[in-house]
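Reader: I'm new to this one. Could you show it to me and let me ask how you know things?

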Amino acid sequence: MGAASQTLRVDAESGEDGLQLASIFAPEGAGILPSARFWHDPRKLKVLGMGTALPGPPVSTAELLARVEKRFGVAVSRRGSRLASRLKIATRHICRDFEARREVPRRGHSNPDLAAAALRAALEEAQLEVGNLDYLIGHTTSPACLVPPNIALVADRLGFTGPYMELRQACTGFANALVIAQGLAPIVGIKAVAIIGSETGSVYFDPQRAGEDVCQLVNLVMMGDGAAAIVVGPDDSGAGARISGNFFGQVGLGRPPGFTLHAGGSDEPYIEGGTLEFEHDVTAVRDSGPELFRHGAAAARSLGTGVETVDHVIPHQANGRMAELLGPFLGIEPRRVFVNAGRLGNTGSAAIWLALEELRSSLEPGASVLALGAEATKYMFGGFHYVHG
């Protein structure tokens, strides 16, 4: 759902699809972009705990394509395998079984179910009870329903009686959630704020469409479902990890969205006998997506955290090739770019938190990480500096 996730073209004569991933990532010094406005907050947050939840076992690309081909009679294996190979996505976790064209998540794998499970794990690491939370913040593009907010259903599952709020935002939702948490944490009496990013976007897909629209086939092999949560609190003098230097900006003014879900809102409250689906302007994403990483890296550098100064960079997990693409683009060794999209797919709003939770398990105290989120919906960028402790 983020930048560089749908860098696709279709050859008009041969009908062959090609992923032009490498060609769009010129070295960082190539071309000068005007500076972009962004919000930033230097205040530190203490990381109290993190947790994740994934729906079911990993599903390989071969298994997924065979299931769709056999069940729906759509010839997708050859082209889908080729696309997945270029995206370097081998497995993903999905909340549905692909037994029917229109499905809801499996029991226990709905968006609020996964979000609640992730937060329970984060609270366990933090050694806190749900009643110790002062505020609950969710961000997702695939809520269980439009109203009430998805986070209200998460609160129900957790027995949380406090206040909550929700952001309808994808791959940079984490950054705006941190803006809110940084505003809450300094208030006297605040002890803990929880943030959850969650997606079950695989339900916004009609398998039959994979044979009709190559963009939907890309969506099939690229997408992944899941949730991740982080519990943060005010900075103190104690040991522990810290998040600081959070920023968020956008360069979408005057640009049509690169990734949309039009139907279901009040401007388009119905569809004719079909399934809601994410729509891609693949040309716009291809041309403008990499710019977001450049703006993010520039914002971080202006706040004192250059990509060359940290041990690891976590980009939005658009595809499994982000390390080999983004490393040269940013002027750092690819080994310093952490990527788990090859195993989890593109999990949208959950991606940065899922990656940070996995990476931190291997970090030594004092190791530093720069998160660089990029969202193609309306060309947004965001990030933060994480120091392990």
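Reader: Which residue is the bridge partner of D41 in β11?

Author: That's N246. A quick note: this is a predicted model, where local features need pLDDT of at least 70, side-chain atom pairs count only at pLDDT 80 or more, and totals for chains, interfaces and linings use all residues. Residues are numbered from 1 along each chain as its sequence is written, and side-chain values use heavy atoms, leaving out hydrogens and water.

Reader: What makes β3 and β11 a pair?

Author: Strands (E runs in DSSP of at least two residues, numbered from the N terminus, while helices are H or I runs of at least four) pair if DSSP finds at least two bridges between them. β3 (residues 38-41) and β11 have 4 bridges, antiparallel, so they count as paired.

Reader: How many bridges join β11 to β16?

Author: There are 7, again antiparallel, and S244 stands opposite H385 in β16. β4 and β11 have 2 antiparallel bridges, so that pair qualifies as well.

Reader: Why is β11 called mostly covered?

Author: Because 8 of its 9 residues are buried, meaning under 20% relative accessible area with a 1.4 Å probe, protein chains only (exposed is over 50%, partly exposed in between).

Reader: What makes a nonpolar core, and which residues touch the most other members in the largest one?

Author: A core is a set of buried Ala, Val, Leu, Ile, Met, Phe, Trp, Tyr and Cys residues joined through side-chain atoms within 4.5 Å. The largest has 38 residues, and W353, F384 and Y386 touch the most other members. A second, separate core of 27 residues includes F293 and V310.
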